[in-house]
Amino acid sequence: MDNDMILLMRLRDCFTGGYTLPQFCADEKIKKPLFVSEQKISQLVWEIYVQFRYDKKMSPQFAFLDVPNGEINFSIFGIIPPLYYKNFSEVNPVAFDAIILLTTREVKISGKVISFAALTDFFVRKTYAEIPLLNFLQRYPKTKLIVTKFPSIWRYKDALDFHKQLKNIEEMRKILRADKSGNVKTPLDRFGYTNQEVLTLMEAPPAKSNPDGSTTMGDNDHPLMRIKNGRRETAYQPEHFLNRIYFVGTCHDFGVNTPFDKTTESYLQKMLNENNLPYRVENISQRYWNRYQDIFYNLNKLTPAPGDIIFIWLGDMAAPNLPFLDLSDVFDPPHNYKEFYCTQGHVNELGYKLVAEKYFDCLTANNFFRDIEFKYPSPNKTHHRYGVPPQFERSYSESFYSDELEQYKQQLRAKRIPIGALVMNCNPFTLGHQYLVEYAAARVVRLYIFVIEEDKSEFPFADRIELVRYGVQHLSNVEVLSSGKCFASQQTFSEYFNKAQFQDVQVDPSLDTEIFGKEIAPTLGITIRFAGEEPKDNVTRQLNENMRELLPRYGIEFCEIPRKTLGDEPISASIVREALKVGNFTKIKQLVPATTFLYLRGRYSFGRKITAREE
């Protein structure tokens, strides 16, 4: 297949991704384009002509290098008028804003010329990289996303000879599988790995297919590999952190040829820890080369929080309107690039360490991009391949069909039974908690109270949930449940359990909120989540603000309830705990239900614990 046909296929593929040549001309401010081609790819010329006929942004001129003036008509029943073209020799190129070549033949023209290769390269970057990334950023606008370029062996003058000496990874695997002696010399011998361990590090993990055509790695608990839930583990991850740094890519970011604790991500995490920087690094990469659907499948599964950072590698392809971090010089002198490559195109753990150091330098030099506001443009609206106006597509939100559907859905929502939820720690259960429950229960048909299960409080979970049950037993439409470990937990919102450390810090509870909105609420049919106002605790106040912003996206109303007060002071569990320290049971009796008072008096007055069931 010749170069023209390969480029033709790539360009067609980009058209199906939703970006057309009329849009390209509009973006590049080309009002009068001239397309120059050859007869052998007249089919592509016709398709481009049809794009302009439907889009109507401008009227291009077409010329051929190898045929006289003529016309092309692929239209059935004359639906589209014929395309009239000229021989290139009869066209004045100066009369056009740009000459766009649809051929790889060399054409001597003065003025602005866009080659076929440059055109397809631009389209590939636009449709394979920029458009899907900008669509992702529309959903998470406070995320910092940077496209990266991995070090390349080809920047060195003697790289070709060196590259020929290296076996590719598939050859190396075949040799190791066939050998039974365990004495094969490998490029990883210097690190002390056995032949079997080298094979493990070079093996492609088994993959499972997803419904969208992408693949996900299967789990692997080998101590060198460590893949769990389709992700390779990162060593040294902290339990407490402010934000995450995600790496999304293929083999380089996955860390092929190296143990899980010697990947770029693990080295970077170790450096962050050593410098007391509260970030958690996540490896979201797949093993397989140039499978963009796998990269975007993994990217779109993320729910990054504001301030999270994503480094994404797309085969060294830069997206035109996105920030780009070029790592290609990492192995330059005084380093010797030959020290870092172990198979063709792939590096060893020393190479990953140098790459991690480059990331660390970039992050710290730019204050983790906190002071940099990336101006991500809005993505182009993706229309039909031939530019069919969006109002004629049934899925378009402004069409009559969709408007009617939205109105009908609104009517159906009005029929929903109001089911509410409260998430409470109750450390211990107070009259303030009881008031919140009574307020919420009066406004819904059914109310679920999720008592936080994590045992990070002064009062154990078993006692707290029992006190709640006895404190709300007079309300027939209330059910008390454990929150479990999947939300309202250390895993999903660790700052909540270390509030004292984070009172002056911006925290991000969005993971916890989104799990509730996407997974928990639909399971029980919850339509409204209640929470008490929080005038003093900055962490809980930020949680409330986050729920107010995010829950409506999932069709869930958020209701903040004014706190019950004793005098001018809101009743809180912290006041009860302070009164317990000095044994002020007279005050405690004013703050808690009778069942909680019995429990506290028994536990703190008589040196033994009693349950709320005891009289």
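Me: Where is Tyr236 found?

Reply: Tyr236 sits in the loop between β11 and β12 (243-248). One thing to keep in mind from the start: this is a predicted model.

Me: Why does Tyr236 count as partly exposed?

Reply: Buried means under 20% relative accessible area and exposed means over 50%, with partly exposed in between. Tyr236 has 38% relative accessibility, so it counts as partly exposed.

Me: What is the phi of Tyr236?

Reply: Phi of Tyr236 is near 65°. That is a positive value in a residue other than glycine.

Me: And Cys426: what is its phi, and where is its place?

Reply: Cys426 also is not a glycine, and its phi is positive at about 55°. You will find Cys426 in the loop between β18 and α13.

Me: Is Cys426 buried or exposed, and how do you know?

Reply: The cut-off for buried is under 20% relative accessible area. Cys426 has a relative accessible area of 2%, so it is buried.

Me: What kind of peptide bond joins Asn427 and Pro428?

Reply: The bond joining Asn427 and Pro428 is a cis peptide bond, with omega about 5°. Pro428 lies in the loop between β18 and α13. Another cis bond runs from Pro333 to Pro334, with omega near 15°. Pro334 belongs to the loop between β15 (324-326) and β16.

Me: What makes helix α7 (residues 195-202) largely enclosed?

Reply: Of the 8 residues in helix α7, 6 are buried, so the rest of the structure largely encloses it. The buried ones are Asn195, Val198, Leu199, Thr200, Leu201 and Met202. They pack against α6 (169-178), β11 (231-232) and β16 (341-343).

Me: Let's turn to the sheet. What is the order of the strands in the open sheet of 5 strands?

Reply: The order is β20-β19-β18-β21-β22, and the pairing is parallel.

Me: Why do β20 (478-482) and β22 (557-561) stand at the edges?

Reply: Each of β20 and β22 has a single partner strand, so one side of each is left without a neighbour in the sheet. From one strand to the next, the twist averages 25°.

Me: How do you know that β21 (residues 528-532) and β22 pair?

Reply: Two strands pair if there are at least two bridges between them. β21 and β22 have 5 bridges, in the parallel sense. Among the bridge partners, Ile528 goes with Glu557 in β22, and Arg529 goes with Phe558 in β22.

Me: How many bridges do β18 and β21 have?

Reply: β18 and β21 pair over 3 bridges, again in the parallel sense. With at least two bridges as the requirement, these strands count as a pair. Here Gly420 stands opposite Ile528 in β21.

Me: What makes β21 mostly covered?

Reply: Being buried takes a relative accessible area under 20%, and 5 of the 5 residues of β21 are buried.

Me: Which residues point one way from β21, and which the other way?

Reply: Ile528, Phe530 and Gly532 point one way, while Arg529 and Ala531 point the other way. In a regular strand the side chains alternate between the two faces of the sheet.

Me: Which strands does helix α13 (residues 431-441) lie across?

Reply: Helix α13 lies across β18 (419-424), β19 (446-451), β20, β21 and β22. Its direction is at about 170° to β18. Helix α15 (residues 510-524) lies across β18, β19, β20 and β21, and runs at about 130° to β19.

Me: Now the whole protein. How many helices and strands does it have?

Reply: The protein has 19 helices and 24 strands. Its C-alpha atoms fill a box of roughly 105 × 70 × 45 Å along the principal axes. Of its 615 residues, 52% are buried.

Me: What share of the contacts comes from residues 24 or more positions apart?

Reply: Among contacts with a separation of 6 or more, residues 24 or more positions apart account for 73%.

Note on methods: Residues numbered from 1 in each chain as written. Predicted model: local features only at pLDDT ≥ 70, side-chain atom pairs only at ≥ 80, totals over all residues. Heavy atoms only, no water. Helix = DSSP H or I, 4+ residues; strand = E, 2+ residues; numbered from the N terminus. Axes fitted to C-alpha atoms, helices over the stretch in contact; angles between N-to-C directions. Contact = heavy atoms within 4.5 Å. Buried < 20%, exposed > 50% of the residue type's maximum accessible area, 1.4 Å probe, protein only.
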